Amino acid sequence: MSPMADPHAAAGTAANNPAGAEPGFEHAHQPSTVAQLAVGIAVLVVAGLLSWGALHIPSQAGYSGVGPDFLPWLAACVLGLCGLWLCWEALSGGYRHLDAPDGAQHGDWGALVWVCAGLLINAALITTLGFIVSCTLCYAVATQGLRRASGQAHAGSARTIGTDLFTGAVISAPVFWTFTQFLAINLPGLTETGWL
């Protein structure tokens, strides 16, 4: 008897596969329980490392009664809860309502290089060129990677690069001025005025 002639076999196949999905869908796209559990454990490890780091931060109350260790402890607690939840999900039947992957089959390494280059440029030049210029360059270079990853044909054009440089400056300058002029926090600049 063929599988198609058996109504019980057909019903079992329909119950296991989403509508319109190919046979084996749940195995091809659903991560194993071990992999899901590994994600939860990894999140718990990161939460533990954050907690360990928070122990070494002074707890004396600062502005508004909040100490410098408040945010690390908050992040550690939230991550810890997320890690426990992920482990529970993995051990009690797997992640619920998990969509099939819809991205590319492989990572775009060229785009990753562009984004990493932007971050490294910022770190290398912030003390010599100042916050505004280095962050502007970081934004423009990283955006090139994102544009190339999405397949934009005009990513490398002079107009696009100019637009990205302008946008980076429009974002970084107000951030710099907020810290230096209004909060009196020193950030690396080209001049001693706190405006550039």
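Q: Let's start with the pair Arg 147 and Asp 164: buried or exposed?
A: Both Arg 147 and Asp 164 are buried. Buried means under 20% relative accessible area, exposed over 50%, and partly exposed in between (1.4 Å probe, protein chains only).

Q: What do their side chains form?
A: Arg 147 and Asp 164 meet in a salt bridge, at 2.9 Å from N to O. The term stands for a side-chain nitrogen of Lys or Arg within 4 Å of a carboxyl oxygen of Asp or Glu.

Q: How many salt bridges are counted by that rule?
A: The count is one salt bridge.

Q: And which parts does the pair tie together?
A: Arg 147 is in helix H6 and Asp 164 in helix H7, so the bridge ties parts 17 residues apart in sequence.

Q: Before I go on, what kind of model is this, and how is the numbering done?
A: It is a predicted model: local features need pLDDT of at least 70, side-chain atom pairs count only at pLDDT 80 or more, and totals for chains, interfaces and linings use all residues. Residues are numbered from 1 along each chain as its sequence is written, and side-chain values use heavy atoms, with hydrogens and water left out.

Q: Good. How many helices and strands are there?
A: The protein chain has seven helices and zero strands. From the N terminus the order is α-α-α-α-α-α-α. Helices (H or I, at least four residues) and strands (E, at least two) are DSSP runs, numbered from the N terminus.

Q: What share of the chain is buried?
A: Of its 196 residues, 22% count as buried.

Q: Back to H6 and H7. How do their axes cross?
A: The axes come within 8 Å and cross at roughly 135 degrees. Axes are lines fitted to C-alpha atoms, for helices over the stretch in contact, with angles from 0 to 180 degrees between N-to-C directions. H6 and H7 are therefore oblique to each other. The cut-offs: under 35 degrees is roughly parallel, over 145 roughly antiparallel, 65 to 115 roughly perpendicular, and the rest oblique.

Q: What residues make up the contact of H6 with H7?
A: There are 14 nonpolar, seven polar and two charged residues. Ala, Val, Leu, Ile, Met, Phe, Trp, Tyr, Cys and Pro count as nonpolar, Asp, Glu, Lys and Arg as charged, and the others, Gly among them, as polar.

Q: How many aromatic pairs are there?
A: One aromatic pair is counted. Phe 131 and Phe 176 are stacked, 5.9 Å centre to centre with 20 degrees between the planes. Rings of Phe, Tyr and Trp (its six-membered ring) pair if their centres lie within 6.5 Å; planes under 30 degrees apart count as stacked, over 60 as edge-to-face and the rest as tilted.

Q: Where do the two Phe residues sit?
A: Phe 131 is in H6 (residues 131-149) and Phe 176 in H7 (residues 158-182), 45 residues apart. Phe 131 is buried at 14% relative accessibility. Phe 176 is buried too, at 1%.

Q: New topic: how do H5 and H6 cross?
A: Their axes come within 8 Å and cross at roughly 175 degrees. That makes H5 roughly antiparallel to H6. The contact has 18 nonpolar, five polar and one charged residues.

Q: Last one: where is Cys 116?
A: Cys 116 is in helix H5 (residues 109-129). Its relative accessible area is 35%, so Cys 116 is partly exposed. The C-alpha atoms of Cys 116 and Gly 145 are separated by 9.1 Å.
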